[in-house]
Amino acid sequence: MTLNLDAQVPMGETTVQPKAQREWAKIGLILLVFAFFTVILIVPVIYVFVGAFKNGLTGFLGTLSSREFLNALRLTLMAVAVAVPLNVIFGLCAALVIARKSFRGRTFLLSVIDLPFSISPVVAGLMLVSLYGRQGLLNPVLQAIDLKIIFSFPGIALATILGGMPFVAREVIPVLEEIGSEEEEAAKTLGASGWQTFWRVTLPSIRWALVYGIILTTARAMGEFGSIAIVSSNLIGRTQTLTLFVDSAYRNYDSQGAFATAVVLAGMAALTLVIKQVLEHLYAQRHTVK
Amino acid sequence: MTLASTEFCQFNRPKTVLQKVSIPWIVVFTHMSVILLLPLVALLLRALVLNPAQFWALATTPVALSTYNITFGTATVAAIVNMLMGTLTAWVLVRYEFPGKRFLDGIVDLPFALPTAVAGVTLATVYNQSGWLGQFFAPFGIQIAFSRVGVAIAMIFVSLPFVVRTVQPVLQEVEPTIEEAAWSLGASQFDTFWKVILPPIIPAILTGTAQAFARAVGEFGSVVLIAANIPFQDLIAPVLVFQRIEGADIPGATVIGLVLLLLSLILLLIINLLQAWGRRYDA
């Protein structure tokens, strides 16, 4: 067999560009990108796992069965359980309003929904403290009804909701705009109620985007840190989420505990990415079949 | 006018204000008020308690000025690195076939999914004097963790996906045949890149870079762990806000927080304008 390098590049290009030079440029650029990713991303992520199993499996399992870890896990899951459904309902409503109604200030509303993306988590936490905190605006009301928000679970839930607010809306809006409203209008003229139209016509066509948005919101909710660090009093075993647990374990020189918890969080992050890739793959397949 | 067209007109009749207030509207406004708008207003009202002179004095203390300097300087470096490497990564992913391509494409999003506290703990360990990567720099007297270099690396890490993910789809649309046409007309490789490939992807590059910069400026979790958080050395503005809240200095925290908020609003505006510009280029 003869070595035919030309087969790899389209014929037209070889006549203009020296192919060896192009081939070297390609290899060089690929290596440069891999070197960058290795130093910034791959090595640190590998280290999460090495650090977690430094004291073997027993050390890892020891952290995972400690009461502090289990409490942090429970609190994180509770925050996710509150934040994700609320953000899904909000995201769907916001998407319906923005994609289906034309009104003045539509772009403005879209920018407001995007705000949590650009606000620093610390500022987000500070905002919540300014309203619900001990010196906050709503403090007289909250004290009158004996409701504690900052330094307890409701504050953590609010911070988690704030961080994940835009994801569902951001994913669903473009799909709603793309599919148009013809089918919905057809359903309405045939006598379907608003709710029936949403359930039978709109929801099926946006389900991939919705699932994608839910995954992103969940991932963000599990990883929320900066704003929770401010609204939670960070009491070990009581108001400590998983990310706060990683932080405090690391600061107390319990690197084993920090990395074991980090592995749990990184595992969830990796899982969300895998689900996302699978969904994108499925979505691409459905579209090529059509 | 026929009967049918009158009916059609009635069907399309603009709704009254009351009819517009549907359930989705109520949900959107309630959720947004409780979670975002009321806290935002509360923060602004907190700042209004101070008179302008007091505000200015608190916003421009030497420590505050040094944190702006460090935050914006380091975020600029991180944004430029991401602009160059992100564009290159998008290019490599769109144009080349190589082993590990799917893996690379898959891990680009990892910094978004990985909690920032995890990123901070890991980067601080890997880049300290005896860490896996830090040990190679230590002999040359370069300290990465607990210095501004470490802050920059944390900022690069957390904002890595922005440029790649905004440039990638636009680059996909640019046909390779256009480049080939430029070459066959005798353009050099540099000219082809500068005059043919770059112009259509510039809006996407700038949008991604602005997003990366905004994220880097506001980043807290990973930076607080990799930095030593020493004033005038590697203390960034978000960490200063956090320290002031911890120290119960609420006015001080409010002022710096408001400066950061204002900046993120300006950046959001710039990003929206860039995106509008990109769409115009599209059409």
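These legends describe close-up views of a predicted model.

Local features need pLDDT of at least 70 and side-chain atom pairs count only at pLDDT 80 or more, while totals for chains, interfaces and linings use all residues. Residues are numbered from 1 along each chain as its sequence is written, chains are lettered from A and ligands numbered from 1 in the order in which they are written, and side-chain values use heavy atoms, with hydrogens and water left out.

**View 1. The largest nonpolar core and Phe37(A).** A nonpolar core is a set of buried Ala, Val, Leu, Ile, Met, Phe, Trp, Tyr and Cys residues joined through side-chain atoms within 4.5 Å. Buried means under 20% relative accessible area, exposed over 50%, and partly exposed in between (1.4 Å probe, protein chains only). The largest such core holds 175 residues, and Phe37(A) and Met32(B) have the most contacts inside it. Helix H4 (residues 67-100) of chain A gives the most, with 17 residues. Helices are DSSP runs (H or I, at least four residues), numbered from the N terminus. Leaving out residues up to four places away in sequence, Phe37(A) touches Ile42(A) in chain A, plus Thr89(B), Leu104(B), Ile107(B), Val108(B) and Leu160(B). Contact here means heavy atoms within 4.5 Å.

**View 2. A kink in helix H11 of chain A.** H11(A) spans residues 194-223, 30 residues in total. Its end C-alpha atoms are only 36 Å apart, short of the 44 Å that a straight helix would reach at 1.5 Å a residue. That expected span is 1.5 Å times one less than the number of residues. A kink of about 60° is centred on Arg207(A). The bend at a residue is the angle between axes fitted to the seven residues ending there and the seven starting there.

View 3. Rings of Phe, Tyr and Trp (its six-membered ring) pair if their centres lie within 6.5 Å; planes under 30 degrees apart count as stacked, over 60 as edge-to-face and the rest as tilted. The count comes to 16 aromatic pairs over all chains. Phe53(A) is partly exposed at 35% relative accessibility, whereas Phe60(A) is buried at 10%.

**View 4. Val126(B) and its neighbours in two chains.** Val126(B) belongs to helix H8 (residues 116-126) of chain B. Its relative accessible area is 0%, so Val126(B) is buried. Beyond four places in sequence, Val126(B) contacts Val43(A), Pro44(A) and Tyr47(A), along with Gly131(B), Trp132(B), Leu133(B) and Gly134(B). Ring pairs link Tyr47(A), Trp132(B) and Phe259(A) into a cluster.

**View 5. Polar side chains of Asn229(B) and Thr67(B).** Asn229(B) lies in the loop between helix H13 (221-226) and helix H14 (237-246) of chain B. Asn229(B) is buried, at 14% relative accessible area. Its side chain reaches the backbone oxygen of Val224(B) at 3.0 Å. Thr67(B), in helix H5 (residues 62-95) of chain B, is buried at 0% relative accessibility. A polar atom of the Thr67(B) side chain lies 2.6 Å from the backbone oxygen of Ala64(B). Leu235(B) is among the contacts of Asn229(B) and among those of Thr67(B).

Methods:
Helices (H or I, at least four residues) and strands (E, at least two) are DSSP runs, numbered from the N terminus. A polar contact is a pair of N or O atoms within 3.5 Å; within protein, one must be able to donate a hydrogen and the other to accept it, and residues adjacent in sequence count only if both atoms are side-chain atoms.
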